[in-house]
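Biologist: I have the picture open, so please walk me through it slowly and in plain words.

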Amino acid sequence: NPMLRVLTETSQNVAHADPVTGLLWLVFLLLANGFFVGSEFAVISARRAQIEPRAEAGSRPAQITLKAMDKVALMLAATQIGVTVCSLLILVISEPAVHELLTGPLTALGMGENAVKVTAFGLTLVLVSFLHVVIGEMVPKNISFSIPERAALVLVPVLYGFAMLIRPIVVAMNATANAILKLFKVDARDDANSTYTLDQVEDIVEHSTREGV
């Protein structure tokens, strides 16, 4: 992709020229990665029964969230594109930025040029992997699991806009994935799971009875 190549080259130049700016980009990309992960789990964890009353009351975010839940395959494809691009750029930007920051201290310790490069790369790999897993994956996933409806109303409308912006790419990738699934006789679904367990149905009945509806 020419655009991605230009963005990668630009980010590398920025990170080498100004490591502080490179680290700021790293923080932004970690948060962006977290957004896509949180959106992914929110759109499949939230229940339509909790979103529909808000949509009927005129809530625009709830209405958009329902649209997204009707196109869940496209939404998940969009999140995967976002996560993949963010993850690649995190590595591209973080390595030169951290390398520039560590060159002086490591050289002052008497380490040679090659040793500095290897050590800087190793430290970057450990640090960025930790931040990526914790901030970019685990925290947003747990938030979406803990408060799925609230997370969906905040995150999914933004995801829906992003998915519509790159819709041609998403549709092409989704069609390819569905074609592969058909080879294995698997039917692809395009809407979020709306079924309930027995315990969940009992909770709904109990709540409805308590509210008199």
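Biologist: Within what distance do the axes of H5 and H7 come, and at roughly what angle do they cross?

Modeller: The axes of H5 and H7 come within 9 Å and cross at roughly 85°. Here an axis is a line fitted to C-alpha atoms, for helices over the stretch in contact, and angles run from 0 to 180 degrees between N-to-C directions. H5 and H7 therefore count as roughly perpendicular to each other, a label for angles of 65 to 115 degrees, while under 35 is roughly parallel, over 145 roughly antiparallel and the rest oblique. Please keep in mind that this is a predicted model, in which local features need pLDDT of at least 70, side-chain atom pairs count only at pLDDT 80 or more, and totals for chains, interfaces and linings use all residues. Residues are numbered from 1 along each chain as its sequence is written, and side-chain values use heavy atoms, with hydrogens and water left out.

Biologist: Which residues meet there?

Modeller: From H5 there are Met75, Ala78 and Thr79, and they meet Leu159, Tyr160, Phe162, Ala163 and Met164 of H7. Contact here means heavy atoms within 4.5 Å. By class, this contact has 7 nonpolar residues, 1 polar and no charged ones, where Ala, Val, Leu, Ile, Met, Phe, Trp, Tyr, Cys and Pro count as nonpolar, Asp, Glu, Lys and Arg as charged, and the others, Gly among them, as polar.

Biologist: And how do H5 and H8 pack?

Modeller: H5 and H8 pack at an angle of about 105°, with their axes 9 Å apart, and are therefore roughly perpendicular to each other. On the H5 side the contact is made by Ala73, Leu74, Ala77, Ala78 and Ile81, and on the H8 side by Arg167, Ile169, Val170, Val171, Met173 and Asn174. Sorted by class, the contact of H5 with H8 has 9 nonpolar, 1 polar and 1 charged residues.

Biologist: How many residues does the largest nonpolar core have?

Modeller: The largest nonpolar core has 38 residues, and Met75 and Val170 are those with the most contacts inside it. Such a core is a set of buried Ala, Val, Leu, Ile, Met, Phe, Trp, Tyr and Cys residues joined through side-chain atoms within 4.5 Å. The elements giving two or more residues to this core are helices H2 (19-45), H3 (48-56), H4 (60-69), H5 (72-108) and H7 (148-165). H5 gives the most, with 11 residues.

Biologist: What does Val170 touch?

Modeller: Leaving out residues up to four places away in sequence, Val170 touches Leu74, Ala77, Ala78, Ile81 and Ala163.

Biologist: New topic: is serine 39 buried or exposed?

Modeller: Serine 39, which sits in helix H2, is buried because its relative accessible area is 0%. Apart from neighbours within four places in sequence, serine 39 is in contact with Thr79, Leu155, Val156 and Leu159. Threonine 65, in helix H4, also counts as buried, at 1% relative accessibility.

Biologist: How many aromatic pairs are there?

Modeller: The count comes to 4 aromatic pairs, where rings of Phe, Tyr and Trp (its six-membered ring) pair if their centres lie within 6.5 Å, and planes under 30 degrees apart count as stacked, over 60 as edge-to-face and the rest as tilted. In one of them, the rings of phenylalanine 35 and phenylalanine 36 have their centres 5.1 Å apart and their planes at 65°, so the pair is edge-to-face. Phenylalanine 41 and phenylalanine 145 form an edge-to-face pair too, at 5.1 Å centre to centre and 70° between the planes. This pair links distant parts of the chain, with phenylalanine 41 in helix H2 and phenylalanine 145 in helix H6, 104 residues apart.

Biologist: Which residues form an aromatic cluster?

Modeller: Phe35, Phe36 and Phe162 form one aromatic cluster.

How values were computed. Buried means under 20% relative accessible area, exposed over 50%, partly exposed in between (1.4 Å probe, protein chains only). Helices (H or I, at least four residues) and strands (E, at least two) are DSSP runs, numbered from the N terminus.
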